[in-house]
Amino acid sequence: MTNLVVVSAGTGIPSLSTKLADRLADATVRGLGGEVQVKHLELRTLARDLADALVGGVRSAALREAFDMLCTADGVIAVTPVYNASYSGLFKLFFDMVDRETLRGRPVLIAANGGSARHSLMLDTAMLPMFHYLKAFVAPTGVFAATEDWADEYLVPRIERAGTEFAAFMRAHPAPTPEDPFAVADFSTLLGN
Amino acid sequence: MQIGLFSVGDVSADPTTGRTPTEHERIMNTVAIAKKAEEIGLDVFATGEHHNPPFVPSSPTTLLGFIAAQTKTLLLSTATTLITTNDPVKIAEDYSVLQHLSGGRVDLMMGRGNTGPVYPWFGQDIRNGVALAVENYALLRRLWREEDVDWKGKFRTPLQGFTLAPRPLDGIPPFVWHGSIRTPEIAEQAAFYGDGYFHNNIFWNAEHTAQMIRLYRRRFEHHGHGPADTAIVGLGGQFYMGRNSQDALREFRPYFNEAPVYGHGPSLETYMAETPLAVGSPQEVLEKTLAFRNYAGHYQRQLFLVDHAGLPLKTVLNQLDLLGEILPDLRAGFAEGRPAHIPEAPTHASMLAAQGAHEAPRHDAVDDVTGTSPYEMARA
């Protein structure tokens, strides 16, 4: 069984970011074939918990569950609205709170939803560097959807192509088994003996 | 079971009055709190070590020495001693002297510090945090145990034929705990040496704390120090008591909301649900504290954070009076169902008894000019 986790930082209900994320998930599932479990993380529902974790140092049960989902994901679809030429603060905060090693070697499909196609390079200038820093495997094809794209027949094949390619990318890059955070080397190796 | 206090030593404004104590007041209040701890029958007072405002305890052995002079039974400890940025030779000297002055009422807890800049201030690099903790502690142990130390490491000037002065009291080094919230290597370090492991038990949910303690217990057994359930575990915790729950919540809420560590974060109710913080009647605090055993197993030391977040001295002392009232029940509760083979935390007295009472000091100091020894003169 393949685990696909879909992270959306959309804040509205309904949200175009979430709609984009869902469609990418559908396309990826079609590409993967077989049994796929899709889990959705709507960051808007975690906004308060994330702020509390940042300021108060306490990770709520909902946050711990969300981070655990990422730890066992075979692929992650990460979608954000564009704010000020970059990802939203909520999106960044979520990935700031994730343990640093969680995304290492894990396939990620990036996508964003913005008001204008003039923001479309933010996939490469903002999202890509962050996921590279986290040592994720980012699929080469991401999707940027501008508002006008939702009236454009080409959005559908772009989503389909990104999903199909991501499915192949996931097969080519199996996610590492999550490391036990409480695993430890014998102390003699720490002592250098 | 040892029960006591640990103090972070923050100088914070009282949010209900806007008044911030002076550093001098805060330091003297800490002394008053430690004396009160002994008065109500607590076993331990542990001070933090910080080298930046708004904290005052930058020189723990000065503070603990002063408290030692004004107490009789209180065990003096740290929470924590920075094994990363302090010179292990200086730690060995300072705590050796404190042992002598206090009559062996000393142990200490190693930690790596809570602020990044403290490393460069003392010429170190935070990226070496764990490596420093490993190397410095390995040296510290040798300084306390061997009279003639040749040593070479990565982080400090080599030593040739170095002898720590003074030697530890009765040749017995202070018992050491290692504090770590989330670094498995430190739990492993504690287990490797058969030292104590302390979890501050303030920020994290019980499941996380339980996993760290399980790791320590499992590795304690692995390294041959005895069964996992005999490993030496300490826990932190924090409470605010009122005569009833409503009073406690009402009185503590403004302090919680403005607290330096978690203020402006989660609500008090969320924090109480997610962490060991207990705010309520004495009975509620008693019950929540006794439930720590459900995830930690039978353990040896319980320290409470009481003096923080701008709580005025009067309130803190009042909290300690309330703690004193539930102390007999707390002790009885901890004793309940505790198997006989679960050890107490080692103390100087217990280690001395184990070593053989009244054994002569291992090192007879000899005057290097006259060749006379005060020990021989005393025996003559």
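**Helices, then loops**

In this predicted model, helix α5(B) has these buried residues: B:Gly129, B:Leu132, B:Ala133, B:Val134, B:Glu135, B:Asn136, B:Tyr137, B:Leu139, B:Leu140, B:Leu143 and B:Trp144. Their cover includes α7 (187-190) of chain A. From chain B it includes α3 (88-102), β5 (107-111), β6 (149-151) and α6 (184-193). Now check the length of α5(B). The helix runs over residues 129-145, 17 residues in total. At 1.5 Å a residue it should span 24 Å, and its end C-alpha atoms are 24 Å apart, so the two agree.

Next comes α12(B), residues 313-335. Its 23 residues should span 33 Å; the end C-alpha atoms are 31 Å apart, which agrees. The helix has a kink of about 45 degrees at B:Ile326, shortly before B:Pro328. Buried here are B:Val316, B:Gln319, B:Leu320, B:Leu323 and B:Phe334. Chain B elements α1 (23-39), β11 (239-241) and α10 (282-290) are among those covering them. Just after the helix, B:Gly337 takes a positive phi of about 70 degrees.

Now the loops. A cis peptide bond joins A:Ile13 and A:Pro14, with omega about -5 degrees. A:Pro14 sits between β1 (2-8) and α1 (16-32) of chain A. Another cis bond joins B:Pro53 and B:Pro54, with omega about 10 degrees. B:Pro54 lies between β2 (44-47) and α2 (60-69) of chain B.

Two non-glycine residues take positive phi: A:Ala85 at about 70 degrees and B:Asp170 near 55 degrees. Which is buried, and which exposed? A:Ala85 is exposed, because 12 other C-beta atoms lie within 10 Å. B:Asp170 has 20 C-beta neighbours inside 10 Å, so it counts as buried.

Notes: Residues are numbered from 1 along each chain as its sequence is written. Chains are lettered from A and ligands numbered from 1 in the order in which they are written. This is a predicted model: local features need pLDDT of at least 70, side-chain atom pairs count only at pLDDT 80 or more; totals for chains, interfaces and linings use all residues. Helices (H or I, at least four residues) and strands (E, at least two) are DSSP runs, numbered from the N terminus. The expected span of a helix is 1.5 Å times one less than its number of residues. The bend at a residue is the angle between axes fitted to the seven residues ending there and the seven starting there. Two residues are in contact if their C-beta atoms, placed from the backbone, lie within 7 Å.
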